[in-house]
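Look at the model before reading on.

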Amino acid sequence: KKKKKMKLLLLLALLLGPALGQDEMPQIMGGRKKRRRFGSDGLILQGVEETLPSMDKKARMEEQYKTGALGSTDDTLLVNADHVERAEAERKPSMVKLPGRDEYLLLPDRESVLGFKTFADFATDDDIESQEEQRLEAWWGRMYMEGMPFSIQYFRGHFGSAPVKGPIKLIVAEPISMCDERQFEPMLTNSAEIEKVGGGNVYLLADRGACTFGEKAGVAEEAGAKGIIYINFDEDGNSHPSAPDVRAMKDFSPNMISFKDGKYLAKAIEKAGGVIEVRMIPIGCVTEPKNLETNKFCEPVTVEERKIEAGVMSGGYLEVGGEKVDFLMSTFGAPIKSGTFKGSLASNSGCDKDAIGEVGEVVIVDRGGCDFYNKTLNFASAGAELVVIAMDIEQPVRPGVLRWLGYNVTSGVITVGKRGGELLKKAGAGGSKVEFSLELSNQVRGGVYERLSDLVEHERGESTGWPMKKRERKGLYRRIKKELEGG
């Protein structure tokens, strides 16, 4: 009988889970989950037959597969017909039996606030009203933080409002689950921090699970937060949080990010002393971008936020020995901050993790011997908080790695050109500590150096543009001069 009962419960979970659009699985699986009674938006019914959504098993499995397949780090892949078709599908009401009671909870049939539109074109720069309309209808976006080497993609909730404009102060909810997991009631023990942080726009970072999205959003809103960012389960992917168990929220923004992005932010908040400042920029997608000078189909929809995204910092200035040089952040690793640092020259390339030994918080090392990822991973694993890589070419670069690999590197990573490396090594001669400062600045742009790098073909040692190395530049100059002089 027990096996038969478990099979029935499992079948109910598979059928009802996706239809609920919220975290009801523990309840369906027979856990001790308790629920608050709801008012006009929810109804407790006595002795009512349980009704199931009319969708066959194959279609339900395909639906779950699509939901799990949305987590590409390439956010343009999310703009596809399958996603839009799934999201626009009719949302049916569900009825769930409450554990331990002869009662059923009728979840109301609430339409999503998201339209999942693809606009014909971006609004023109002078059409502010249309820009604002497109911003409200955008269903995903990018999150930026000063010094963070990449953006984080977020999905808006099926309820609530768009993220606020301007800076957002982000803190971690306590407990991060926002749920009493013994009683399955929503809870928040650090609500006083919201007022303490101040500034108006405070968002909470919270895990998904245990209690519903709606319950957590309700507690956060009551505590004075303007939004919440849910961290998805420990799996690839993301989805739009849904909450048919809450009333409309006109001034509260629920959003979700992937598990790894969420844990990255939680660590950044911890290192920053409990709060970080982020910006959430809604992204709109168009059929054909004619009104903007761009070949991208997905962009920020307001002029103001396009300027903000264009000004995101990817580098700055490193000063050592009274001389300033440019530095660039890698596209992975911990956030970089301005300030004064003391570092040591590495005794080896860092490519052999067993040969590294003890390191300080800041390590200065030459490029070479192995790839950027393994070099920085080894130093970070040994305890380094910042790795400065001195290039063997004149310009700094932005090292990159597959996004899922980059999360393994817990240190910040920057590069300096050949001159910067020489200055750092001079300052650290004889084993001395190297004192230097970093100043983040949007005047040092990774895109500019990338365009310079595009002029060089490093494969097979053949240059197709203007070389970075001085000797190669002189050689190319002499060859071109000779050709132009006809000799």
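Q: What makes strand S14 and strand S20 a pair?
A: Two strands pair if DSSP finds at least two bridges between them. Four bridges join S14 (residues 315-320) to S20 (residues 434-440), so the two count as paired. They run antiparallel. Glu 319 stands opposite Ser 437 in S20, and Gly 316 has Leu 440 of S20 as its bridge partner. This is a predicted model: local features need pLDDT of at least 70, side-chain atom pairs count only at pLDDT 80 or more, and totals for chains, interfaces and linings use all residues. Residues are numbered from 1 along each chain as its sequence is written, and side-chain values use heavy atoms, with hydrogens and water left out.

Q: How do you know that S14 also pairs with strand S15?
A: Six bridges link S14 to S15 (residues 323-329), in the antiparallel sense. One of the partners is Lys 324 in S15, which bridges to Glu 319. S14 and S15 form a hairpin with two residues between them. In the turn, Gly 321 has a positive phi of about 60°.

Q: Which strands make up the closed barrel?
A: Seven strands do, in the order S14-S15-S19-S18-S17-S16-S20, with mixed pairing. The twist averages 35° from one strand to the next. Strands are DSSP runs of E with at least two residues, helices are runs of H or I with at least four, and both are numbered from the N terminus.

Q: Why is the contact of Glu 305 and Arg 135 called a salt bridge?
A: A salt bridge needs a side-chain nitrogen of Lys or Arg within 4 Å of a carboxyl oxygen of Asp or Glu. Here the N to O distance is 3.0 Å, so the pair qualifies. Glu 305 lies in helix H9 (residues 303-310) and Arg 135 in helix H5 (residues 128-137), so the pair ties together parts that are 170 residues apart in sequence. By this rule the count comes to 15 salt bridges.

Q: What makes up the positive surface patch?
A: Lys 418, Lys 470, Lys 474, Arg 478 and Arg 479 form the patch. Patch residues have over 30% relative accessible area (Shrake-Rupley, 1.4 Å probe) and no salt bridge, with like charges joined within 9 Å. Lys and Arg count as positive. Helix H14 (residues 470-484) gives the most, with four residues.

Q: Where is the cis peptide bond?
A: A cis peptide bond joins Glu 174 and Pro 175, with omega about -5°. Pro 175 sits in the loop between strand S6 (168-172) and strand S7 (179-180).

Notes:
Patches are made of residues with over 30% relative accessible area and no salt bridge: like charges are joined within 9 Å, nonpolar side chains (Val, Leu, Ile, Met, Phe, Trp, Tyr) within 5 Å. The place of a charge is taken as NZ of Lys, CZ of Arg, CG of Asp or CD of Glu. Axes are lines fitted to C-alpha atoms, for helices over the stretch in contact, and angles run from 0 to 180 degrees between N-to-C directions.
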